[in-house]
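Student: Could you walk me through this one? I'm new to it.

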Amino acid sequence: MIGIVAVSHSARLGEAALELALQMVHVDAPPVRVAAGAGSDGDGKPILGTDAMAVAAAIDDLAAECDGVLVLMDLGSAVMSAELALEFRTSDVPVRLAPAPFVEGLLAAVVAAAAGGALDAVAEEAAVALAGKTAQLQPTAPVEAVPEERDQDKAAPPGRESARITRRVRVRNPLGIHARPAALIAETSAGADVRLRRLPDGPDASAGSLSRLLVLGARRGDEIELSAADDHVLDALAALFENGFGEGVDDAPAGAGPASDEPVSATERSAPAAPASAAPAPAAPAALAPAPVPPGTTLRGRGVSAGVAAAPVVTLAPPVPEPDAAAVIAVGGRETEASSIDRACLAVAADLRSRAAAASGDAHDILEASALLASDPDLIADATALVRDAGRSAARAIWEVAAAQQKALEALGGRTAERVADVRDVRDRIVAEILGLASPGVPQRDEPFVLVARDLSPADTAALHGGRCVALVTEQGGPTSHTAIIARSLGLPAVVGVIGATGLSPDTTVLVDGDRGTVEVDPEPARIDAATRAAVVTPFNGTGRLADGSRLPLLANVGGAADAETAAAAGAEGIGLFRTEFCFLDRTDAPTVAEQVAAYRGVLSAFPGRKVVVRTLDAGSDKPLPFANADDEQNPALGVRGLRIARRSPQLLDDQLRALAEAASAESALVEVMAPMVASADEARDFAARARGFGLERVGVMIETPSAALLAAEMFEVVDFVSLGTNDLAQYTLAADRLLGELGDLNDPWQPAVLRLIGMVGSAGRAANRAVGVCGEAGGDPTLAPVLMGLGVTSLSMTPRSLGRVAAALAAVTPEQCRRVAGAASAAATAAEARSAAAAALER
Ligand code: PEP
Ligand code: MG
């Protein structure tokens, strides 16, 4: 049977509601616990409030005898206590929090549970418990209202009985209600009591609450019900929705939009030069002090903003300590305590606003959004209620309300979950203000510095504008985090996901390479010189040649149209790798053929008459796409990724090939198509047949697995070319996760085992007279270029910034020298010996 917990601010209300509910069942009433009130004061008078620990205890109490527990809550902080209780409980019985009216919901749930309903059914009954009352009191209310219809309030939230006007609008901007639209809604509604509800049964939010607006989870195509007492404010809001909040409109089918929080351009999606990655970096355990990083170490992460810089490390101010959960404010002191919440929130909001006024672009918008979070009326009201009702300290109350907001955002996943950092940042600022601590954030310096942090808040990153910070290094964060977005917009080299970065001592000099995703600790001055010189982009004249004039085409790696334009401007001879999955990283649903055609044409049109090698979706592992990958694989790098997705979803591959063929026939680029993550000759044969069936003539496969390399001769019997994905080839050959910085020495294309596999592929290519490209990061390494050429590689593809340097390295060697260095390097026993053997062979 299902048990029920009734959470109320008032013990009397809880007991009375239960008494009423139990009247409805005469036999086998379900077990119900009332978790209500916050104890009693010195005079024995009950204190109104809710207590998460009491709710957790009630759940645990039911766990022994129930298959599931439904929790009903009255208002405000009751919801928060119930959410926190889920963290505190010790049992693992399934629990649902019911978004239901307290009294009616309790009645309905008790009846449904008594009838033996399962947890979902009981929850459903509770959720629709108001329907009878609504139908009785508003018999004329239409069941389905048409867009833009106005009528009297049919669905005012409980306790809002005054006459209200409702309006239905549709979310039309591609990214849904993310931070900026939410801020616009809040601003437009200022001073009016406006609520929004995602239809048909989504959550409800006050327009003044940025966090609640985000929690709506409203996506492109969703219908929203606006309600207010004032028609004018609804007009203004409807106009905002109508023009897509200034972000463009796209009338997609309901639910088709991505769950996203920041508009991300194609360039932003494809972190320059870094191995593509959308997976969050593993977090260092928060409780452990970071290990000190010795000089000479190279830490690795993901380069998300290009460039090289060296400077001493500066770390962020120490984090704000968690306020004491056990402290209870005496009843007489609660009003004074509560008043500090309002004061602190307003002070923090004012500070953020004045910093926003001094900033521009993304930085301005993010600081403004943070200011709105700090002055969020729901945050202030809920925290104040916790002080008044439960005797929490003001700092603790803010901490707990923020925890509930973070949890709600995390539950939404995707980029909305990245906003957790925004909420945490604002929480820390308010708590610091209440406790009189130094505000967390970036210290002011007069000398250049590299900012190192576990994670950077958007407000911290935005504050770097115009300062002396020359590069960013974080332990956490991904390519679409605010840190990455702002670092790119400020032109600061940035590396994220650097495990161990917080172990760097302040003032240690580090060399940050945002292209390669490396952080070198205390490097020699000569190394800094060389790296900064190398970072200066060497121009490329558009033709890759060796010293004797023989050709080695130099191509570019791109992730979308914007990258392709950059590549064309940099003189790339063509595209050697178009990572098509980068076009769709923010999609929860598969792109249509028409959408794909548009995306592919954007790249092809930048290279008229030139070669463009398009890779079919390489989703999975470090680049999971919700519409292509299962999210429950134990070993995603060894799982259904790349071409293997077609085993489960052949239509996805067919649609892509169809779209590519259509794009190719509309543009003059010379399109070639290749499949990623191929392991067997059968896979290669099937892929080639399929691609040719759509009229794509030049078909290839990537060599990324040792199996594919060993079978290169067989591959050439069925495909026209191959391209070496050296990032994965190293990962799979050395059995070392390419995202793990601590295994960076193994993930090295100079490893002789990798060089020998490349050599095997090169020999097979020569024998079959077929093209052998390299499109992994190794393709952009000028010192490796002669080795690759000598191993039989016929073209190199790289980030456009590397073209000039690779061209210069090749122009200095003859084919004979290339063969010599290749032989020396691949005969070595270790990566280090391979490097020095190649250098020595070049001297001869
Ligand atoms: C590679 O593995 O080398 C490659 C080019 O593919 P990706 O980095 O996109 O996995
Ligand atoms: Mg790969």
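A few questions and answers follow.

Tutor: Heads up, this is a predicted model, where local features need pLDDT of at least 70, side-chain atom pairs count only at pLDDT 80 or more, and totals for chains, interfaces and linings use all residues. Residues are numbered from 1 along each chain as its sequence is written, and side-chain values use heavy atoms, with hydrogens and water left out.

Student: Which residues coordinate the magnesium ion (ligand 2)?
Tutor: Donors are N, O and S atoms within 2.8 Å of the metal (3.2 Å for Na, K and Ca), and since water is not among the atoms, sites may look incomplete. Here the distances are 1.9 to 2.1 Å, and the donors come from Glu704 (OE) and Asp728 (OD).

Student: How many residues apart in sequence are the parts that this pair ties together?
Tutor: Glu704 sits in the loop between β22 (698-703) and α25 (706-710). Asp728 belongs to helix α27 (residues 726-733), so the parts tied together are apart by 24 residues.

Student: Are Glu704 and Asp728 buried or exposed?
Tutor: Buried means under 20% relative accessible area, exposed over 50%, and partly exposed in between (1.4 Å probe, protein chains only). Glu704 and Asp728 are both buried.

Student: What is the phi of Asp507?
Tutor: Most residues other than glycine have a negative phi. Asp507 lies in the loop between β15 (494-496) and β16 (509-513). Its phi is positive, near 75°.

Student: Where is Pro200 found?
Tutor: A cis peptide bond joins Leu199 and Pro200, with omega about 5°. Pro200 is in the loop between β7 (195-199) and β8 (204-206).

Terms used
Chains are lettered from A and ligands numbered from 1 in the order in which they are written. Helices (H or I, at least four residues) and strands (E, at least two) are DSSP runs, numbered from the N terminus.
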